[in-house]
Structures are given as structure tokens and as C-alpha cells.
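Opening the notebook on this one. I want to look at one helix and then at the ring pairs.

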Amino acid sequence: MRTTAFASRNTKEMLRDPVTLIFGLGFPLVLMVLLTAINSSIPEQAEMKLFQIESLGPGISVFGLSFLALFSSMLIAKDRTSSFMLRLFTSPLKPKDFILGYTLPLVPMAMVQTAVCCLASVCYGMKASVNLLMVVIVNLPIAVVFIAIGLICGTLLNEKAVGGVCGALLTNLSAWFSNIWFDTSMVGGWFKAVANALPFSHAVNAARAAAAGNYGEIFPDLWWVIGYAVALLAAAISIFAVKLKKN
């Protein structure tokens with residue numbers, strides 16, 4: 001009850017900033033339009049499959065969720081610098097209630113964002129099927145990963161710093177190591193090792209398998225992402241608990 005009430009308040013805070021929401025939904029679509037246009041100019045002999053909509057659509061749906069880190073970090077960072085957070089510290093809310101209260105409003109947004117990317121993919125030629133609903137479900141763990149990263153950064157950093165870390169740094173990190181724009185196995189070496197250690201490429205692989213209806217190929221990639229989601233959410237709660245005690 002306490003968590004849902006706090007989550008409701010955070011939902012209202014996000015809705016007060018529609019520009020941020022529109023950017024989060026619109027920017028991945030702009031990328032899809034540009035990359036689809038590039039793909040149309042690539043000769044078939046090149047056999048460049050990454051920019052084909054069947055591969056690009058699920059990849060963009062994962063990359064778009066990286067902006068959730070910016071939303072969650074800004075939300076908690078703003079609260080930390082206001083008297084609102086000080087009043088909450090005197091409430092019976094526990095650290096897990098705080099973190100879940102920030103996380104829950106962003107989960108529906110993640111589902112809507114993925115659904116919008118899937119619908120846009122259909123407009124560009126992807127086959128409309130129940131598999132696209134599976135993509136929405138499969139993308140939930142990576143959404144939690146990005147939300148948790150944002151909450152950790154928002155707990156540790158100020159409002160200006162989180163913009164750089166969760167905005168520029170994280171989006172670039174998730175883009176380069178995600179298998180969306182190029183196959184990391186072609187680079188090889190340490191680059192491939194880092195990409196395989198991080199959750200981003202595993203999330204893209206799982207989303208692509210779901211979109212193609214290859215449900216047997218969703219795991220173990222999705223287990224890797226789920227493990228990251230659980231660990232980062234637990235870390236966010238622990239770090240917030242430490243900050244709570246200091247305050």
C-alpha cells in the first residue's frame with residue numbers, strides 16, 4: 001500500500017514532464033527511420049542483415065529502453081535535493097519501498113515504448129504476429145536493468161552528473177556493446193568479451209529470438225539479463241539504505 005502510493009506520486013511527477021516522455025518514445029523511432037533508409041540503399045549482395053527490419057526492430061526496442069535510466073536517475077536525484085525526500089525519511093517507508101516506488105511507474109512506460117517500436121517495425125515490413133507481444137515481455141528484464149542503473153546513479157550523484165552518466169555515457173555504452181549496429185563477434189578480442197559480459201547484447205539476442213518466434217533461443221540469453229536485473233535492483237536498495245542511514 002505504501003509502495004503503490006509512492007509509485008502513484010512518481011507517476012504524476014513523470015507526467016508533468018511530457019517533453020521527456022515524448023523524447024524517450026520518439027528518439028528510437030527516429031533512429032529506426034534513418035537506419036531503415038540506410039538499409040534501403042545497401043545492395044543485396046552485401047548481405048547486411050543487421051539493418052533489416054526483422055533484426056533492427058527488436059534491437060531498437062532494447063536500445064530505446066536505455067533512456068529509462070535517465071528518467072529514473074533524474075527523478076530520484078531531484079527528490080534528494082528537495083525537502084520532499086527529507087519528509088519521506090520520517091515516514092515508515094523502507095529502502096525497498098522507495099526503490100520499488102521509483103521502479104513501478106517506469107515498467108508500464110517500458111512496455112509502451114517496446115510496443116511502439118514493434119508497431120513501427122510492422123509499418124516497415126515486419127510481420128505482425130503474437131511474437132511481438134513476446135518481445136514486450138522479454139524486454140522487461142533489460143528495462144529493470146536500466147531503471148536500476150539510473151536509481152543507483154541518482155542515489156550517488158547530483159542532478160547534473162546523472163545527465164552525463166545516464167544520458168551520454170550509458171546510452172553509448174549500451175549502443176556499442178549491444179549487437180544492434182554491428183556484430184561484436186566480427187570485432188572479436190576484448191571487445192567481444194566485454195560485450196558478452198554485459199547484459200545489452202544478450203537482451204538484443206533474446207528480443208530478436210522472440211520476434212522471430214524462436215522461443216527456444218531466448219534462453220540462456222534472457223537468464224543473463226534477469227541475473228543483472230536482480231543484482232542491480234538489490235544493489236540499488238542496499239545503496240539507498242546506506243544513504244538513508246547517513247541522512
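**Aromatic rings and a helix**

I started at Trp190, which is exposed, with a relative accessible area of 62%. For the record, buried means under 20% relative accessible area, exposed over 50%, and partly exposed lies in between (1.4 Å probe, protein chains only).

Ground rules before going on: this is a predicted model, where local features need pLDDT of at least 70 and side-chain atom pairs count only at pLDDT 80 or more, while totals for chains, interfaces and linings use all residues. Residues are numbered from 1 along each chain as its sequence is written, and side-chain values use heavy atoms, with hydrogens and water left out.

**Whole chain**

I looked up the secondary structure and got 14 helices and zero strands. Helices (H or I, at least four residues) and strands (E, at least two) are DSSP runs, numbered from the N terminus. Of the 247 residues in the protein chain, 48% are buried. I also checked contacts (heavy atoms within 4.5 Å). Among those with a separation of 6 or more, 79% are between residues 24 or more positions apart.

**Helix H13**

H13 covers residues 200-212, and its 13 residues reach 19 Å from first C-alpha to last, close to the 18 Å expected at 1.5 Å a residue. That expected span is 1.5 Å times one less than the number of residues.

How much of H13 is buried? I found 11 of the 13 residues buried, so the helix is largely enclosed by the rest of the structure. Among them are Phe200, His202, Arg208 and a number of alanines, including Ala203 and Ala211. The cover includes helices H3 (53-64), H8 (131-138), H9 (140-156), H10 (159-176), H12 (189-197) and H14 (221-246). Just after H13, I noted that Gly213 takes a positive phi of about 80°.

**Ring pairs**

I counted rings of Phe, Tyr and Trp (its six-membered ring) as paired if their centres lie within 6.5 Å; planes under 30 degrees apart are stacked, over 60 edge-to-face, and the rest tilted. The count comes to six aromatic pairs. Phe146 and Phe200 are stacked, at 5.6 Å centre to centre with 10° between the planes. This pair links distant parts of the chain, with Phe146 in helix H9 and Phe200 in helix H13, 54 residues apart. Phe146 counts as buried at 1% relative accessibility, and Phe200 does at 3%.

Back to where I began: Trp190 and Phe191 pair edge-to-face, 5.7 Å centre to centre and 70° between the planes. Phe191 counts as buried at 11% relative accessibility, whereas Trp190 is exposed. Ring pairs link Phe177, Trp190 and Phe191 into a cluster.
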